[in-house]
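Trainee: Could you take me through a close look at a single part of this model, and then show me the sheet as well?

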Amino acid sequence: MITLLITDDHPVVRDGLRGIFTAEHGFEVLGEAAHGAEAIELAERLRPDVVLMDLRMPGVDGVAAITELARRGNPARVLVLTTYDTDSDVLPAIEAGATGYLLKDSPREDLFRGVRAAARGESVLSPAVASRMMAQMRAPAREPLSGRELEVLGLIARGSTNKEAAVKLFISEATVKTHLLHVYAKLGVKDRAAAVAVAYERGLLTPRRG
């Protein structure tokens, strides 16, 4: 018997999943959580074999909950079940410690197989997510940022305009813009905010203290 904790902020989704697993031999639903904080509390108390985890929830989201469960050494396997399959959703969840990643439009039998595999500690990926990750692995590695590009991006992250960055670095505003275009291309983003966010995420920039 595989025990489950269902985590999703939509009551209809939780009810549907409970019904699906209750009707299938070999599964027992121990509880339901409406957000990440509740999932952490229930996973600690109920000790399920598998936590079905939605990602985008109010308050503590799925990735934060997965991270915290891993930090606490909770033995439950976390199987993400979501509607989102973008890199910005998939990779943080896997890096946080999720055993698998399925989409909510997965056939019922795939969901059952995925939970059984997750309970055994096996990695589970929906075909769409697996294809995306394979494509990313095959893509040529992007160039690292140069020292000057990091300087420009660091000033932008601290709120400088292009003109202000140019003055501080003793270069022209046009040169700043050129450096930023190179940064966007290397980080795979389209604007300043995204560039700064990705740079912090990858550890290229260090948040200022105080």
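**A buried asparagine and the sheet**

Mentor: N162 is buried, with a relative accessible area of 14% (buried means under 20%, exposed over 50%, partly exposed in between, with a 1.4 Å probe and protein chains only). This is a predicted model, where local features need pLDDT of at least 70 and side-chain atom pairs count only at pLDDT 80 or more, while totals for chains, interfaces and linings use all residues. Residues are numbered from 1 along each chain as its sequence is written, and side-chain values use heavy atoms, leaving out hydrogens and water.

N162 belongs to helix α8, residues 162-169 (helices, H or I, of at least four residues and strands, E, of at least two are DSSP runs numbered from the N terminus). Its side chain makes a polar contact of 2.5 Å with the side chain of R192 (a pair of N or O atoms within 3.5 Å; within protein, one must be able to donate a hydrogen and the other to accept it, and residues adjacent in sequence count only if both atoms are side-chain atoms). Leaving aside residues up to four places away in sequence, N162 touches I156, E173, V176, K177, L180 and R192 (heavy atoms within 4.5 Å).

Now for the sheet. Six strands form an open, parallel sheet in the order β2-β1-β3-β4-β5-β6 (two strands pair if DSSP finds at least two bridges between them). β2 (27-33) and β6 (124-125) each have a single partner strand, so one side of each is left without a neighbour in the sheet. Further in, β1 (residues 2-7) pairs with β3 (residues 50-53) over four parallel bridges, and I6 has L52 in β3 as its bridge partner.
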